[in-house]
Amino acid sequence: GDYILLLNSDTVLKNNAVFFAFERIKSDSSVGAISCKLLYQSGEAQPVAGRFPSLRRELRDLLRLNKWLTREQRSVLYLGTEWDYTKDTEVDWIWGAFFMFPKRILLMLENHKLPADYFMYMEDVLWCFKIRQLGFKIEYFARGEVYHLMRGSSEGIAPVDEFARYALKILPNEYDFIKRNLGWLYAKCYYLVKALNHLSQRSANDLVKSKTFFSFVLKS
């Protein structure tokens, strides 16, 4: 076939999402990868669309510059939990739980030597970064709907607490991604600003996060 779909084992199709995504990606040769609406079992949309780590956005948060943004402006700037998942949009990266792309992309990526240092967590961000470097778009397409049971592929090995899971499983790979593609100094500054931002919030949870980021910057 001419297209490949990476689909998590912990997913259940709600509608004909595979065909809808296929129709969309086939209709636009500039799209390098596409995902659809992923749903919790409650029916609420999951934050499948994201932005690459950005020091500028972290500084905006630290300096409280975003309080003058409208809700719509903030949703476009951050995506993630801010985005309205009834709307299609071009994004920086999409989750790998439902990840459709043309087979020719895989052949092109062979020349970019995708690192195999990490198997799970941030590999979808890395793929999207490399696909965008090739000049293709990454899209979120709302018509297709899929239930995603969340961590069904890693049940029993990931911490229950979301930030603990992030710190243990995702943070090291995220740091590696930033360091590889933006440089070690950028990576250090990024997490230092995140630490200062959480420190300025002064809640108990934020103090824990701030300490985690400060420690990580010192050790990495």
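**View 1. Antiparallel pairing of strands β1 and β7.** Strand β1 (residues 3–7) and β7 run in the antiparallel sense and are joined over five bridges, as seen in this predicted model. Within this pairing, Leu7 has Phe98 of β7 as its bridge partner.

**View 2. The two covered faces of strand β7.** Strand β7 spans residues 98–102, and five of its five residues are buried. In a regular strand the side chains alternate between the two faces of the sheet.

**View 3. Helix α5 and its surroundings.** Helix α5 (residues 123–133) is largely enclosed by the rest of the structure, because eight of its 11 residues are buried. The buried residues are Asp124, Val125, Leu126, Trp127, Cys128, Phe129, Lys130 and Ile131, and the elements against which the buried residues of α5 pack are β3 (31–39), β6 (93–94), β7, α4 (103–109), β8 (137–148) and α6 (162–182). Just after the helix, Gly135 adopts a positive phi of about 100°.

**View 4. The second largest pocket and its lining.** The second largest pocket holds about 180 Å³ of space. It is lined by 14 residues, of which Glu44, Ala45, Gln46, Trp83 and Tyr85 are the closest to its centre. Sorted by class, the lining of this pocket comprises six nonpolar, four polar and four charged residues.

Conventions
Residues numbered from 1 in each chain as written. Predicted model: local features only at pLDDT ≥ 70, side-chain atom pairs only at ≥ 80, totals over all residues. Heavy atoms only, no water. Buried < 20%, exposed > 50% of the residue type's maximum accessible area, 1.4 Å probe, protein only. Helix = DSSP H or I, 4+ residues; strand = E, 2+ residues; numbered from the N terminus. Pairing = 2+ DSSP bridges. Contact = heavy atoms within 4.5 Å. 1 Å grid on protein atoms, 1.4 Å probe; cavity = no way out; pocket = protein on both sides within 12 Å on 5 of 7 lines; lining within 4 Å. Points joined across faces, edges and corners; volume = space filled by probe spheres on them. Nonpolar A, V, L, I, M, F, W, Y, C, P; charged D, E, K, R; others polar.
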